[in-house]
Amino acid sequence: MIAAAQVTYTAAQAWSDLAQIGPIVAVTVALLVAVVVDLLLPRGLRGPVVTVIAIVGLVSALAIAAYRLVNGYGGPAYFRFVSGDAFALFFEMLFALIGVLAVIVSSSYVRRRGLYEAELQVLTLAAIVGMMSLAAAGSLVTVFLGLELLSIALYVSCGYNRIELPSQESAAKYLIIGGFASAFVLYGMALIYGATGTTVLSDIATRVTSDSAGNPLLLLGVLLMGVGFAFKVSAAPFHMWTPDVYQGAPLPVTAFMSVATKAAAFAMILRVFNYGLGHLGPEWQVLLAFTAAASMVVGNLMAIVQASLKRMLAYSGVAHAGYILVGVLAGGRAGVAAVLFYLFGYVFMNFGAFAVVSTLSGPAGDGDLYEDLNGLAYRNPTLGVLMSVFMLSLAGFPPMVGFFGKVFLFTAGISAGWTWLVVLAVLTSVVSVYYYFRVLFHVWSPLPEAPVRFAFGPVRGPVTVVLLAGVFAVALGPLSGFLLQVGLNGAAPLLSGR
Amino acid sequence: MLSDYAPLAIYAVIVLAVVGLMLTLSFVLAPVKRYRSKLLPYESGIVPTDPARKRMSVRFYLTAMLFIIFDVEAVFFYPWAVILHQLRWYGVIEMFVFMLILLVALAHIWRKGGLEWE
Amino acid sequence: MLIRRNPLVMLICIELMLNAVNLTLVAFSRQLNNREGQLFALMTMTVAAAEAVVGLAILVDIFRVRDLEDVDDLSELKG
């Protein structure tokens, strides 16, 4: 029989464990307070107050994470099931930042579309708790819980516009495909648990050596998890859900989902594959190299033929997942740091682009065709200029953060010997210039004669967000040295002990 | 490595064979008499008044969903109860935090009208 | 799972897959004499319940707007 292990858990240990997950606790508390406030306040006040609570919670999470990162606190907690190391803190800061931006954008969006405000913010907070737990996970159990928490919150957010069929269809598709992917990941985890006898990632890292490559359980587990992860980062050939879901979901949800889920899923891949299963590199690299190549080709080619901005950005997201996978494949200090750097930059440029599109929506619906952007630079110069910045950054033009991100990723890829993949990546990013410039063409085209489909409503919130994102996207270019240092710092916990 | 699983494979084959054999035998050998009271759902039981496959009100789904959620959460109380003595006060506090979160969820459902039948 | 077209049945299939995982986890836990697998199985159970409930809620919501028997009917979004 299984003998009961003695647990000694002291007050000091309890406090230090709680401090390790400080940012997660902050967001969770904000979530609970928001739910209660939503029930108690009069109807008119609920939305704004919940939004403020969400922002306060996220900013305090950001502050806690920054404080702990600067002071170099961090280490395992809760019997190594969670870790508050620099890698986790990096992602926690990232998610808190995206969260603030998302909350502001959705607050304005739901008002213009006449939806209920408070619950969307609560769902966003729940998704952020899931993402943070994913980044901080020290065990397969925590990885799975974080993954499901973020997925389930996003399923509901996707269907948030309950009276519109596209929104519901997007939710149903995301739910069924997401559930399928989760089951795959979970089965992979179960097999790896069976092969190693532990779910704690640091133990897996020591027990799985390069001799384990012949173990069929382990290999099957890696294969299943790889497929599931590819679904989650929307890498080809498992990307089919992405455009449909992105197009149907309410715009702020799409914006949030496109960047945050991707960052969280890459945090998970780095934790599980680069750290936990680092010695099985040759096995999972074959799988990921194939998906990376497929994502870059499929994403970029399909993005060209799209008529909807949301779908175009969805396919561009598939392509970017391919670029980031190059960094994952390269591994090592340079590779992981490049991935963190790129994710940080990508989050702001892509979120900014979606936030610009979200200002085009009114009570009638979302304006997501290229034509809706016509003359944007003259209708609202700030938005027009910033949209151009985001597009140039996504295309990877020099002063922008996207350029530096690609440089770091591709140099890491070449020095790790993935030359063919890098060549493919460069070629496909040349193709991508075409569809990003098509957006620029519409933004800077003269004002249309016919009245525009979507006039601007009260969009001060999103404009602030777009400005913020734009400032980040531009400023991170010159600051890339600093950010790379932060990334290297964040990469360190994954590489120690090897 | 794979040969370790050979007994399992043999076991699976035997199980399939036995089950298949039993099903086919009962299908082939059993006498079949089809008349009205034999075909009723409950032979020599209650006489059904209307078909079982009728549309259910969506309210049943709602109640069932809410029940499932809270029912399954209770599973965490069992392992907690087993080691409560070792966890001492931290365990008690932790579980109260957990219950508080569940209570918030319950309050949310209540106020939003999820518990109302009509 | 892949050959079924009814969304409700697909949801049930996902639950079946999760149950299969649970069985695997518990079996490994027993074989390895290690309790982490049981813990994992408990977590999976709750998550599966949550997923099923959210899935049912979303589908019921769709049924309210329109009658739907086949996932191929969900084709509003194409490009």
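What percentage of the 118 residues in chain B is made up of buried residues? The first legend gives the answer.

**Figure 1. Burial and helices in chain B of the predicted model.** Buried residues make up 0% of chain B. A residue is called buried if 20 or more other C-beta atoms lie within 10 Å of its own, exposed if 12 or fewer do, and partly exposed in between, with C-beta atoms placed from the backbone. The secondary structure of chain B consists of four helices and zero strands, and its pattern along the sequence reads α-α-α-α. Helices (H or I, at least four residues) and strands (E, at least two) are DSSP runs, numbered from the N terminus. This is a predicted model, in which local features need pLDDT of at least 70 and side-chain atom pairs count only at pLDDT 80 or more, while totals for chains, interfaces and linings use all residues. Residues are numbered from 1 along each chain as its sequence is written, and chains are lettered from A and ligands numbered from 1 in the order in which they are written.

**Figure 2. The two domains of chain B.** Domain 1 covers 2-38 and domain 2 covers 58-111; these bounds come from an automatic or database domain assignment. Between the C-alpha centres of the two domains of chain B there are 42 Å.

**Figure 3. Chain A.** Chain A contains 20 helices and two strands. Of its 498 residues, 64% count as buried. Two residues are in contact if their C-beta atoms, placed from the backbone, lie within 7 Å. Among contacts in chain A between residues at least 6 apart in sequence, 80% link residues at least 24 apart.

**Figure 4. Where chain C touches chain A.** This contact involves 36 residues from chain C and 39 residues from chain A. On the chain C side, helix H1 (7-32) and helix H2 (36-65) each supply at least two residues. H2(C) gives the most to that side, with 16 residues. By class, the chain C side has 23 nonpolar, seven polar and six charged residues. Ala, Val, Leu, Ile, Met, Phe, Trp, Tyr, Cys and Pro count as nonpolar, Asp, Glu, Lys and Arg as charged, and the others, Gly among them, as polar.

**Figure 5. Where chain C touches chain B.** Here nine residues come from chain C and nine residues from chain B. The chain C side of this contact has eight nonpolar, one polar and no charged residues.

**Figure 6. Confidence in the model.** Chain C averages a pLDDT of 81, and 76% of its residues score at least 70. The pLDDT is the predictor's confidence in each residue, from 0 to 100. Where pLDDT is low, the predicted coordinates should not be read in detail. The model scores ipTM 0.88 and pTM 0.87.
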